[in-house]
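Please examine the sequence and the structure shown here. The paragraphs that follow lead from the DNA strands to the protein chains.

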Number of protein chains: 2
Amino acid sequence: MSERQTQQRQAIREAVRRADRPLSPQEILDAAGTLAPGLGLATVYRAVKIGVTEGWLAAVEVPGSATRYEPAGKHHHHHFACRGCGSVYEVEGCPGNITPLTPAGFKLEDHELVLFGLCRSCNA
Amino acid sequence: MSERQTQQRQAIREAVRRADRPLSPQEILDAAGTLAPGLGLATVYRAVKIGVTEGWLAAVEVPGSATRYEPAGKHHHHHFACRGCGSVYEVEGCPGNITPLTPAGFKLEDHELVLFGLCRSCNA
DNA sequence: CGGTTGTTGAGAATCGGTTATCAATCGGAC
DNA sequence: GTCCGATTGATAACCGATTCTCAACAACCG
């Protein structure tokens, strides 16, 4: 037996699914905590690690802040990090034209574009 | 009196200037250590903070690794982070077309594009 | 239901990065 | 050369993020 179906993991998966932006472990705890009272941070970290391994969760790394997680399988997109509140939002599209930038001899595997600025709330 | 001209700070400034890629504090220590034997990591951190404050050093943040520093005033460019050796390289150009991606109501101040993959050495 | 065993929660421990401490030292004005 | 205050280096302390520990607990099979 391996991989049980627990309330905590369901709550965590559901919280990430409902969010419209990538969540940090602490944000997941806050969101999933209402679905599974008493939820602990360690459990979030464990579930998140499992999710990434199993492939239904994608890690989003933003400079200068904790790793965020979002459901895997979304179409290619990027992120906007608010300097006011620290939240990370999803932005549609990609400027493309990335490949030509790669130096000769280098192997390009992936890329991450992060926009910095103020979100709607903080810009007001 | 404030801001003395010391061998250590000259060595650090020189090491950053000579590098063709942004260096982490530890990398700066290694490089500048040959110019100023006995150099300590604390001194690197202090000098780097001063450099950023005075405006002749620019901080480059890459997800999942220490902050890098490069001379300020370079023309707009981006970076390539090698998954093999962890080094960060400079890449010329920018795909442009960033502004249209910004969600309505958000204020775009800056952006950072990081390419991931293998550098020439690690790709061989 | 009852046992087996994976899972959980709280807190301690750890980690890499960065900053603070403090006595010894050095820069540079005089 | 002297002197005073800025600077340095070694190391401890700190920090936020993440992982480990371990006893209590709950999921699932029979």
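Around DNA strand D there are 25 residues, and those that come nearest are A:Gln5, A:Ala42, B:Gln8, B:Gly40 and B:Thr43. A residue is called near a molecule or strand if its C-beta atom, placed from the backbone, lies within 6 Å of it. This is a predicted model, in which local features need pLDDT of at least 70, side-chain atom pairs count only at pLDDT 80 or more, and totals for chains, interfaces and linings use all residues. Residues are numbered from 1 along each chain as its sequence is written, while chains are lettered from A and ligands numbered from 1 in the order in which they are written.

At least two residues of the surface near DNA strand D are supplied by each of helix 3 (41-54) of chain A, helix 1 (7-18) of chain B and helix 3 (41-54) of chain B. Helices (H or I, at least four residues) and strands (E, at least two) are DSSP runs, numbered from the N terminus. Helix 3 of chain B gives the most to this surface, with 4 residues. By type, the surface near DNA strand D has 8 nonpolar, 11 polar and 6 charged residues. Here Ala, Val, Leu, Ile, Met, Phe, Trp, Tyr, Cys and Pro count as nonpolar, Asp, Glu, Lys and Arg as charged, and the others, Gly among them, as polar.

DNA strand C also has 25 residues around it, of which A:Gln8, A:Gly40, A:Thr43, B:Gln5 and B:Ala42 come nearest. Two or more residues of the surface near DNA strand C come from each of helix 1 and helix 3 of chain A and helix 3 of chain B.

How are the two protein chains related? A rotation of 180° with 0.1 Å of shift along its axis superposes chain A on chain B, with an RMSD of 0.1 Å; the two copies are thus related as by a two-fold rotation axis. The superposition is by least squares on the C-alpha atoms of residues with pLDDT of at least 70 in both copies.

Between the chains, 34 residues of chain A are in contact with 34 residues of chain B, contact meaning that the C-beta atoms of two residues, placed from the backbone, lie within 7 Å. Strand 5 (107-118) of chain A is one of the elements that supply at least two residues to this side of chain A, and strand 5 gives the most, with 12 residues. The side of chain A that touches chain B comprises 17 nonpolar, 10 polar and 7 charged residues. Because 100% of the interface residues of chain A are also interface residues in chain B, the copies meet through the same surface.
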